[in-house]
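Here is a short briefing to keep beside you while you turn the model around on screen. Take a look first, and then we can walk through it together.

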Amino acid sequence: MSVWNPWHGCKKISPGCANCYVYRRDEGIGKDASVVSMTGDFSLPLKKDRCGGYKLRPDDGEVFTCMTSDFFLDIADEWRGRCWDMIRERDDLHFHIITKRIERFEKCLPDDWGDGWDNVTVCSTCEDQQRADERLPVLLSLPIKHRQMICEPMLEEINIEKYLSSGLIEHVTCGGESGNNARPCDFNWVKELRRQCIRTAVPFTFKQTGAVFIKDGRVYHIPRRLQMAQAKKSAYSYYPNTGCADAIKYTLPETAALFERLERSAFRSRFHLSQKDKDYIAQKGLDTIRAHAMDFISKRLSAENPANDGKQTPMKGHPIFTAQHACACCCRSCLEKWHNIPSGKILNEAEQSYIADILLIWIKKELSL
Ligand code: SF4
Ligand SMILES: [Zn+2]
């Protein structure tokens, strides 16, 4: 990865900017980050080294562009044309532009932009639901060859599944906020966004925890040097069909505590076996019912990204379906939220068997009522 900062300084425009790292860093050296000026690196893509080769080489990876400002800042309108010229000339490099100003994109394009350039990825930052709903429809509507989305700092749970299902967003990244005044990032928000990416087969990177991280309701203060390492250690990034979720460490809930929680849930405790279900179980026997459970679990729940996930379990029609809703084993979201079994993981035999055991415990309880 290389960095090209043609100008420096920026204007805050949305909640994600409140603790902007450019401002924080500049304050530390007595500089005013709201003053925007061209840098000495303005022409970096064309700069040569002593041997006459370009300083920026394709082997160094993507060129992250304008990381101490915003490429589409209005103050930079008069400079941007020359940047496009350099991006056009260096078609051997891939430029990665992250912006909070996607609404200005169309007015800022060169005449020969056409359907977009292959060597440019445009990444829209959406720190909350409102910004996602404002910016992602614009990102999707524009002529861009490579689109990404970044949710950093993640300020709340967001739902972007309808935008992801367009198939036009190539990658989602999320992370918490750093610095002394960092706002908290809840691991549940990260997991929810990840599940949306799994269902739509979009690669997802959990980049960093941020300084204030909430996990299972507990608040953790994470030092800067560990924020990326902790996110990596969690293994909660997701790359489709790579088996990466196998690296996630988790612990199954203790059975008695799980059933206590299920009984406390107004939704889960509403489910009961009907007389027809009970007659069916009496006719088939519990061994056969367990075999049916294993079959449903294997076919409807066990894939990395099961078909129709979230809607794959009918509300009735078989005692196992009812048990699945009562025990929160109906879909991969519920399995993750209630049983800690990570989404995006192909369920192994032990996991499938665990689920069947839970369903049978519930059924036996129902039969004894
Ligand atoms: S747009 Fe980015 S660089 Fe500009 S103030 Fe906001 S966070 Fe900082
Ligand atoms: Zn469910």
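The notes below go from the domains to one strand and its neighbours, and then to some backbone details.

This is a predicted model, so please read the geometry with that in mind. The protein chain is split into domain 1 (2–247) and domain 2 (255–367).

**Two domains**
- Between the C-alpha centres of domain 1 and domain 2 there is a distance of 40 Å.
- Where the domains touch, domain 1 contributes ten residues and domain 2 contributes nine residues.
- On the side of domain 1 that touches domain 2, you will find five charged, four nonpolar and one polar residue.

**Strand β7 and its partners**
- Strand β6 (residues 120–125) pairs with β7 in the parallel sense, over five bridges.
- To find this pairing on screen, look for Val122, whose bridge partner in β7 is Arg147.
- Between β6 and β7 the chain passes through helix α3 (residues 129–141), and this β-α-β crossover is right-handed.
- β7 also pairs with strand β8 (residues 169–175), again parallel and over five bridges.
- In that pairing, Gln148 stands opposite His171 of β8.

- Most peptide bonds are trans.
- The bond joining Glu152 and Pro153 is cis, with omega about 0°.
- Pro153 sits in the loop between β7 and α4 (161–164).

- Most residues other than glycine have a negative phi.
- Cys66 has a positive phi, near 65°.
- You can find Cys66 in the loop between β4 (63–65) and α2 (77–89).
- Is Cys66 buried or exposed? Cys66 has 24 other C-beta atoms within 10 Å, and 20 or more are needed to count as buried, so Cys66 is buried.
- Ala328 also has a positive phi, near 55°.
- Ala328 belongs to the loop between α10 (319–326) and α11 (332–339).
- Ala328 is buried because 21 other C-beta atoms lie within 10 Å.

Definitions and conventions
Residues numbered from 1 in each chain as written. Chains lettered and ligands numbered in written order. Predicted model: local features only at pLDDT ≥ 70, side-chain atom pairs only at ≥ 80, totals over all residues. Pairing = 2+ DSSP bridges. Helix = DSSP H or I, 4+ residues; strand = E, 2+ residues; numbered from the N terminus. Right-handed = clockwise from strand over helix to strand, strands pointing away. Buried ≥ 20, exposed ≤ 12 C-beta atoms within 10 Å, placed from the backbone. Domains from an automatic or database assignment. Contact = placed C-beta atoms within 7 Å. Nonpolar A, V, L, I, M, F, W, Y, C, P; charged D, E, K, R; others polar.
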